[in-house]
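This report describes a single protein chain from its overall composition down to selected local features. The sequence and structure are shown first.

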Amino acid sequence: MPKKSRTKEAKRRSSDDEQLPAKQSRHSSDAPSPLCFHSPGSLFESLIQPMGTEQFFREYWEKKPLHLQRSDPSIASYYQSLFQLSDLQSLCSQGLDYYRDVNVVRCISGKKKVLNKQGQVKSSALNKFLVQNKATIQFHQPQRFKDELWRIQEKLECFFGALVGSNVYITPQESQGLPAHYDDVEVFILQLEGQKHWLLYNPTVPLATEYSVESEERIGSPTHDILLKAGDLLYFPRGTIHQANTPAGVEHSTHLTLSTYQKMSWGDLMLDILPSMLCDSSRTEVGLREGIPRRLLLGSSGGLDSSRRLASGLRSLADEIEKGMLEVRSTHMKRDFIMNRLPPCVLQQQQQLLTPSEKIPALEDMVCLRFKDHMVITVEPSQERTDETTELVVFVLHSLKNHRESHMMGGICDEEEKQDISRGLKFPLSHLQALRQLQQAEKLAVAQLQLPTQEAKLSLVLALWSECLLDVL
C-alpha cells in the first residue's frame, strides 16, 4: 500500500475521452448494509462481527491471522454490491489506464508476469485476459469510484488514525495472480464474488517494513489453508507470507483488500519526533551543542569515547521524555496522514456540510469542532525567514479539501494544490492550549477559551469557522 498524494487530475481530464469514471452511488444496490456507520468504532466492530474489537486487538492484531466465516446471504449480497466484475467492465468505458488504474498479472512458475498493455483499458481486452490468459486483474483504489467504499474507508481512516487503501483482485478459475510474498501493511480481505483458496505461512520477517517475494524453499509448510467464500473476511498481519488461487469450478473470484498501518511503527514515530526533541533539548543542554571530534566525518573513528558520549546523550533525552520535561511532537507523520487521507464522505446532497454554518460565532456562543477526526494540530518552526531566533507556531491542518479521486494514487501535487493543503491555519504558540480545549471538549463557550483577550478568542473561532471546522450550537 504505497503512500499516495494528489496527482495532476486536471491534466488527465483535459479531453472528453480522458475523463475519470463517474462516481457510482452506494445506493445503486438494494443490498442492506450489515455495517454500522454511527461511529468509526461501530463501523470496525460491525466489519469484524461476530468478533469483538477488544478481543481482536488483544488476540489477533499484529499477532496472527483471523478467518471469519459468514453463512448469512445478506452479508454475501452486500459484499458483492461493493464491487464486482461488471463494475470494472462499466468503468472501462469511461477511461482507465494500464499501470495507473489496472494491472494484469499472472503467477507462472513462482514468478509474477505483468501482461499490461499501453494506454487505456478496454473491457474486451480484460475479458480476453481473464478467459484466454487466465490472468488476474488488479484494480487500484476502487474507493475513488464507489461511494460505499469511500464511506467505509473514510471511517476506517478515522478509526485507525492511519491511511487505508484498497485494491480489487479478479482471478479466473485454476489460476494465481501473484507468487508467495509478504506486505508491509495490515490486511483485511473481503471475499466479494466466488471463492479463493489461501495459503498462509509463518513470517520470515515479522511485522515487515517492506514488500518482498519469498521463494518456495524458504517459506516451509503453510500454517493456514483457507477457502474464502462470498461474505467471508480474512485478516493477517504485515509480514505474513501468503499466496492464493481460484479453485476449479469457480468461474472467477473477486476480493477486496483493505490495507492499513504502513510506516506506523514505534520506529517510524521515533524518526519523526526525535529531531525536534533534540533541537528543543539542545537549547538548554550545552553538552549537545559541543562539537564532535575532529575528522569524525572523514572516517577517523571516535572509538569508545564517542559511543559513550552518544549513549549518554540518548539516555539523558530518554529521562527527560519519561519525566515529561520534553513534549512529544509528531509533525511529518501527522502531515502525511492528513494531506493524503480521504476527505469526509459527503455526497452531493450533503454539500452544505462543507460550508461554514449560518451563524457566525460570537463571544457568548457555545461552539464545538466539526470534522474533529479530520484535523490535526502540530507545533512547528515558523516558515518565515527572519534574522531572529526560530519561532514555534501552531498549525491546524485538515483534510476537508482533499480529493477523493486521487486518494492513494501517488504523484506530485500541483504547486497551488500543495500550498493550499499543506498551509492550513497558522496561530501563535499562545493559542495551543485553547485549541486543545476545543479538541478535547464536546462543547465549549467561546468566553472560556484560555486566551488573554476577547479579540484573540473571537479571532480563533472565526478562523476555524471560516474553514468549516467549527459549529455554533
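## Basis

This is a predicted model, in which local features need pLDDT of at least 70 and side-chain atom pairs count only at pLDDT 80 or more, whereas totals for chains, interfaces and linings use all residues. Residues are numbered from 1 along each chain as its sequence is written, and side-chain values use heavy atoms, with hydrogens and water left out.

## Overall composition

The protein chain contains 14 helices and 19 strands, taken as DSSP runs numbered from the N terminus (helices H or I, at least four residues; strands E, at least two). Of its 473 residues, 50% are buried (buried means under 20% relative accessible area, exposed over 50%, partly exposed in between, with a 1.4 Å probe and protein chains only).

Among contacts (heavy atoms within 4.5 Å) between residues at least 6 apart in sequence, 80% join residues at least 24 apart.

## The largest pocket

The largest pocket holds about 780 Å³ of space. A pocket is an open set of points on a 1 Å grid over the protein atoms alone, where a 1.4 Å probe fits, with protein on both sides within 12 Å along at least five of seven lines; lining residues have an atom within 4 Å of a point. The volume is the space filled by probe spheres set on the points, which are joined across faces, edges and corners.

The lining comprises 36 residues, and Q138, N167, Y169, L178 and D183 lie nearest the centre. Strand 5 gives the most, with 4 residues; other elements that give two or more include strand 2 (102-108), strand 4 (136-140) and strand 13 (252-260).

## Helices 5 and 6

The axes of helix 5 (residues 85-92) and helix 6 (residues 123-131) come within 8 Å and cross at roughly 140 degrees (axes are lines fitted to C-alpha atoms over the stretch in contact; angles run from 0 to 180 degrees between N-to-C directions). Helix 5 contributes L85, L88, Q89 and C92 to the contact, and helix 6 contributes S123, L126, N127 and L130.

## Helix 13 and its cover

In helix 13 (residues 432-440), the buried residues are L432, A434, L435, Q437 and L438. Their cover includes strand 16 (392-398), strand 17 (425-428) and helix 14 (454-466).

## A loop residue

L288 lies in the loop between helix 9 (266-282) and helix 10 (303-322). L288 counts as partly exposed because its relative accessibility is 40%. Not counting residues up to four places away in sequence, L288 touches L278, S281 and S282.
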